[in-house]
Amino acid sequence: MIPSIKGTRDILPPESDLFLEVEGLAREVLHLYRFAEIRTPIFERTELFARSVGEATDIVSKEMYTFPDRDDTSLTLRPEATASVVRAYVAHRLWERASISRLYYIGPMFRRERPQKGRYRQFSQIGAEVLGSALPQVDYELLEMLCSLLERARIQGWELRLNSVGCVADRPRYLAALRAQLEPVLPSLCADCQRRAVSNPLRVLDCKVEQDQPIIARLPTLDAYLCGECTSHFAEVQRLLSAGGVPFTLAPRLVRGLDYYTRTAFEFVQSSLGGQNALLGGGRYDGLVEALGGPRTAGAGIGFAIGEDRFVMALQAARGATDAVFAGAAIFIAVPGAPQQTAALSLARDLRAAGWACEVGEAGRKLGRQMELAARSQARWALILGETEVSQGVVQLKRLADGSQRTVARPALFATLTAEVGAPGAAATWEGAGTV
Ligand code: AMP
């Protein structure tokens, strides 16, 4: 057996159905807010991430999967997608099509992190970007949308942590203050932070090492270093959130792991996730478009990325059914006699055309065995099509839960199924799904 790569995983049914459900829910909400999907490549030139995410970030300095192409161009599996979306925005001059571009993506990202529960080397993100407006209103609507997604998914126990990391003009003064305070305590910091304190002191605030926390808690906060415009931008975002009833907690030392963020920075943490409790994160990045060759006038942007794997974990915790069984309205067609094979296949085709999911047993296998298979395939109903049934133009409809069975005339079958099984194409339900 060839083992899979460390930090990657196979997502099997029924868990994969939860991923589909989350994606479906996210798409629905995103479309309500007028986002459209963008699909960018999974690998890009390394310089794209180095320039946007930042050379001195953990992601770029030690977590990227980078390899030379056959012509020696350095390529990287994307560790995040904002850089790609902004690259595409610039390449296709999307600001000429609409004054505001609202784009979303769903797909795998790659980071060579230390794997643990909720942290993988290949993981999936659902993310979105709003490009072309710096208005606080845009920040507000994005956050409101995320709340409504969590609400629809019935995920509770979350907290929106909010900060402003200021603009490029504010940064040098703050970094100087950070450096000054870090210098005397440098030897007490973890090895990573000793390096960060010099190369990129903002990243020290992001450190999760226990021994560093008392030091971090005493570091200056950004709010005192914001310029007037950044202060009023942040105040307006907070005002709108309060007016809209979106609960948030100020997190004055919240910074994000990527260098391109300006002003609004946020994350949603969730109580059921354990150590890796960040469900999603994001923020404003008003200089990124320009840094990647676009015009300053169309440059403002804000976005977020949801960790889809963690969203699914939160959903599983909320439903209290990690081993939830997919209990769709699946129908199993049992065909005890080989000669009835064609009739069974044609019935299956009619059912599917009408919108019912169904499975056909192996024609000619013993009925008892087919019933066992029907139960194992999670079907709730069986249609038995034997020699008598075919010749009389009827089918036996059996409810697998209690074994009750009755004869239904073929012309009445669809109406009976609609009444008993549910309308064709009706959404599958989750057994064990509870309200939280
Ligand atoms: P980031 O792109 O670092 O802002 O991360 C956004 C979200 O992606 C985080 O809040 C996590 O939910 C998720 N995430 C980041 N890294 C990983 C990882 N290695 N494994 C699983 N989820 C991740």
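Predicted model: local features only at pLDDT ≥ 70, side-chain atom pairs only at ≥ 80, totals over all residues.
Ser124 is buried, with a relative accessible area of 15%, where buried means under 20% relative accessible area, exposed over 50%, and partly exposed in between, with a 1.4 Å probe and protein chains only. Ser124 lies in strand β6, and helices (H or I, at least four residues) and strands (E, at least two) are here DSSP runs, numbered from the N terminus. A polar atom of the Ser124 side chain has the backbone oxygen of Gly107 at 3.3 Å, which is a polar contact in the sense of a pair of N or O atoms within 3.5 Å, where within protein one must be able to donate a hydrogen and the other to accept it, and residues adjacent in sequence count only if both atoms are side-chain atoms.

Residues are numbered from 1 along each chain as its sequence is written, and side-chain values use heavy atoms, with hydrogens and water left out.

For the overall picture, the protein chain has 15 helices and 18 strands, and its C-alpha trace spans about 90 × 50 × 45 Å along the principal axes. Of the 436 residues in the protein chain, 49% are buried.

Let me turn to the ligand. Which residues come nearest to it? Of the 15 residues around the ligand, those are Arg111, Glu113, Tyr120, Arg256 and Ala278, and a residue is near a molecule or strand if one of its heavy atoms lies within 4 Å of it. The shell around the ligand divides into six nonpolar, four polar and five charged residues, where Ala, Val, Leu, Ile, Met, Phe, Trp, Tyr, Cys and Pro count as nonpolar, Asp, Glu, Lys and Arg as charged, and the others, Gly among them, as polar. At least two residues of this shell come from each of β6 (122–131), β10 (278–284) and β11 (301–307), and β10 gives the most, with four residues.

A polar backbone atom of Leu280 is 3.4 Å from an oxygen atom of the ligand. The ligand on its own has 490 Å² of accessible area, of which the protein covers 91%; these areas come from the Shrake-Rupley method with a 1.4 Å probe, and for residues only the protein chains shown count as cover.

Two loop positions deserve a word. Lys117, in the loop between β5 (101–110) and β6, is exposed, with a relative accessible area of 63%, and its C-alpha is 7.4 Å from that of Gln276, although the two are 159 residues apart in sequence. Asp286, in the loop between β10 and α10 (288–291), is partly exposed at a relative accessible area of 22%, and its C-alpha is separated by 9.5 Å from that of Val168, 118 residues apart along the chain.

Next, the sheets. Three strands form an open antiparallel sheet in the order β2-β4-β3, where two strands pair if DSSP finds at least two bridges between them. Why is one side of β2 and of β3 left without a neighbour in the sheet? Because β2 (43–45) and β3 (65–68) stand at the edges, each has a single partner strand. β2 and β4 (residues 74–77) pair over three bridges, with Glu44 opposite Thr76, whereas β3 and β4 pair over four bridges, with Thr66 as the bridge partner of Thr76. The hairpin of β3 and β4 has five residues between the strands, and there Asp72 takes a positive phi near 75°.

Finally, strand β15 (residues 381–384) is covered on both faces, with Trp381 and Leu383 on one side and Ala382 and Ile384 on the other, all buried. β15 pairs with β13 (residues 331–334) in the parallel sense over four bridges, where Phe332 stands opposite Ala382. Four bridges also join β15 to β16 (residues 394–399) in the antiparallel sense, and here Trp381 stands opposite Arg399.
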